[in-house]
Amino acid sequence: MRHVIALDVGGTGMKAALVGAGGELLHRARRATGRERGPDAVVEGILDFVAELRAYGTERFGAPAAAAGVAVPGIVDEDRGIAAYAANLGWRDVPLRALLAERLGGVPVALGHDVRTGGLAEGRIGAGRGTDRFLFVALGTGIAGAIGIDGRVEAGAHGFAGEIGHVVVRPAGTPCPCGQRGCLERYASAAAVSEAWAAATGNAEADAADCAKAVEAEDPKAREVWQHAVDTLADGLVTALTLLDPRTLIIGGGLAEAGDTLFAPLREAIRTRVTFQKLPTIAPAALGDTAGCLGAGLLAWDLLKKTDGLEVTP
């Protein structure tokens, strides 16, 4: 059976699958990223993992994987197949696609940015399925996005498209590690809400999930922290809607796990801010933590379509 390898590399763990031509998951596996062993060891661990997946596919399905798709964190030069920068893995300019292709016997390898890859899956087979224009926004430790157009994700001329977390929403505001001040992710990411709630409660262990629970319990202090994050997020998202005019806005990441505690006030905050803009459908992400792996599989099948003309629509 023809299949591809899909791998989603995270800061702490890796999720992998063998994916059939119809998008079916034929085999799944997980293992630790092992970043505590250093950046070179992480790369070697990835190469060993895909080699094991290739061997399993050969034994189970009678032939090795026809291609591989890999999603990685940080800045990715997708055209050159280089993991340009990933602070949490200690990477800089790692030629990951070439290394993977060599370990896999020369099969084509697609390399993608983790959020754009997850956004591809959400847009094509998840919450945005059937829409022609979508914006996927992940609210995690930071905030990143994926711009979807006709079933593909736009990477931009230099690989930075979708970095909505670094849209300045509060000029001269809180410094951001990117070098700017007042970036959206300094106010509305899960990490920012955790920081604000910890400060409000005096409990260094308090996080965004705790804040959401306190909001549901109608704690006034929590509601103030939460609404500040929601209002700032709405400011950033309306800027994105003005520029991109998506039909569907998909919100994922850890903060989205709060469900209606986030979505009800966020929909209202966006509605009150738009003037001439058209309100998109605002939907929670549907694929959870499988989105990156599923997206990596889509990248691999898309690459095969380009390289051998195979007509596949997972």
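**View 1. Met-14 faces Arg-31 of strand β3.** Welcome to this predicted model, where local features need pLDDT of at least 70, side-chain atom pairs count only at pLDDT 80 or more, and totals for chains, interfaces and linings use all residues. Residues are numbered from 1 along each chain as its sequence is written, and side-chain values use heavy atoms, leaving out hydrogens and water. Strand β2 (residues 13-20) runs antiparallel to β3, joined by 7 bridges. Strands (E, at least two residues) and helices (H or I, at least four) are DSSP runs, numbered from the N terminus; two strands pair if DSSP finds at least two bridges between them.

**View 2. Five strands form an open sheet in the order β3-β2-β1-β4-β8, with mixed pairing.** At the edges stand β3 (25-32) and β8 (109-113), each with a single partner strand, so one side of each lacks a neighbour in the sheet.

**View 3. Helix α2 (residues 96-103) packs on the sheet.** Here α2 touches β4 (68-72) and β8, contact meaning heavy atoms within 4.5 Å. The direction of α2 makes about 145° with that of β8; axes are lines fitted to C-alpha atoms, for helices over the stretch in contact, and angles run from 0 to 180 degrees between N-to-C directions.

**View 4. Strand β10 (residues 143-149) is largely enclosed by the rest of the structure, because 6 of its 7 residues are buried.** Buried means under 20% relative accessible area (1.4 Å probe, protein chains only). A hairpin with 3 residues links β9 to β10, and Leu-139 has Ile-143 in β10 as its bridge partner.

**View 5. Gly-148 has Val-153 in β11 as its bridge partner.** Between β10 and β11 the hairpin has 2 residues, and Asp-150 takes a positive phi near 50°.

Terms used
Buried means under 20% relative accessible area, exposed over 50%, partly exposed in between (1.4 Å probe, protein chains only).
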